[in-house]
Amino acid sequence: MNKGTILPSRAIERILAANPAAKKTVDSINGLTCPVCNKPEAFTYLANPFAIYCHRNNKCGATTPISEIWPDLIQSYSTAYPVTPDNPNATAIAYLKSRNINVEQFSKEFTQGMRTIAGVPYPTVMVSLAPGVAFHRLIDSPDVKAVFQGSYSGLAYVHSSVEQS
């Protein structure tokens with residue numbers, strides 16, 4: 001299956017619709033029905049609602065990814081966060097944020113690129129290492145994770161904030 005992203009708002013909507021007796025707190029949703037043991041003692045985090053956790057650690061303790069319960073919620077990053085004229089790096093930014101990377105500190109270091117693998121174009125997070133040389137982290141590719149463009153022999157990535165002498 002092609003991995004993708006689940007929009008948190010859609011996950012929360014689906015979780016609450018399936019668990020009408022659930023209680024929303026400041027940072028979680030409690031009283032969810034565990035998909036494994038069917039007891040109403042599970043929870044999820046509001047900030048990261050991508051799994052349901054069973055509180056019954058001694059009897060069950062299951063962690064169930066939302067993508068296993070509702071696979072229809074999965075979208076490719078390029079579908080969920082399409083490039084626009086105002087934000088040509090939208091897909092790359094969403095991908096980096098999903099990996100907890102501070103995009104503001106990294107914004108001058110990358111652009112959104114595109115690489116074709118086996119005839120299929122994939123958006124990438126592209127980091128230039130030197131003229132004509134770049135690292136591409138593929139987004140939405142089920143098999144290939146990264147490729148280099150050009151020869152990177154003898155090169156290393158150094159963040160722009162680091163002074164080089």
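Trainee: What stands out just after helix 4 in this predicted model?

Mentor: Asn100 does. Its phi is positive, about 60°.

Trainee: Which residues of helix 4 are called buried?

Mentor: Ala90, Thr91, Ala92, Ala94, Tyr95 and Leu96, in the helix spanning residues 90-98. The label requires under 20% relative accessible area.

Trainee: What covers the buried residues of helix 4?

Mentor: The cover includes helix 3, helix 5 (103-106), strand 6 (111-117), strand 7 (120-130) and strand 8 (133-138).

Trainee: Why do strand 7 and strand 8 count as paired?

Mentor: Pairing needs at least two bridges, and strands 7 and 8 have six, so they pair. The sense is antiparallel. Val125, for one, has Arg137 in strand 8 as its bridge partner.

Trainee: What makes the turn of that hairpin?

Mentor: Two residues lie between the strands. Gly132 in the turn has a positive phi of about 80°.

Trainee: How do you know that strand 8 also pairs with strand 9?

Mentor: Four bridges join strand 8 to strand 9 (residues 146-149), and two would do, so the pair qualifies. These strands run antiparallel. Ala134 stands opposite Gln149 in strand 9.

Trainee: Why is the contact of Arg14 with Asp72 called a salt bridge?

Mentor: The closest N and O atoms are 2.8 Å apart, and the cut-off is 4 Å, so the pair qualifies. The structure holds one salt bridge. Arg14 lies in helix 1 and Asp72 in the loop between helix 2 and helix 3, so the pair ties together parts 58 residues apart in sequence.

How values were computed
Residues are numbered from 1 along each chain as its sequence is written. This is a predicted model: local features need pLDDT of at least 70, side-chain atom pairs count only at pLDDT 80 or more; totals for chains, interfaces and linings use all residues. Side-chain values use heavy atoms; hydrogens and water are left out. A salt bridge is a side-chain nitrogen of Lys or Arg within 4 Å of a carboxyl oxygen of Asp or Glu. Buried means under 20% relative accessible area, exposed over 50%, partly exposed in between (1.4 Å probe, protein chains only). Contact means heavy atoms within 4.5 Å.
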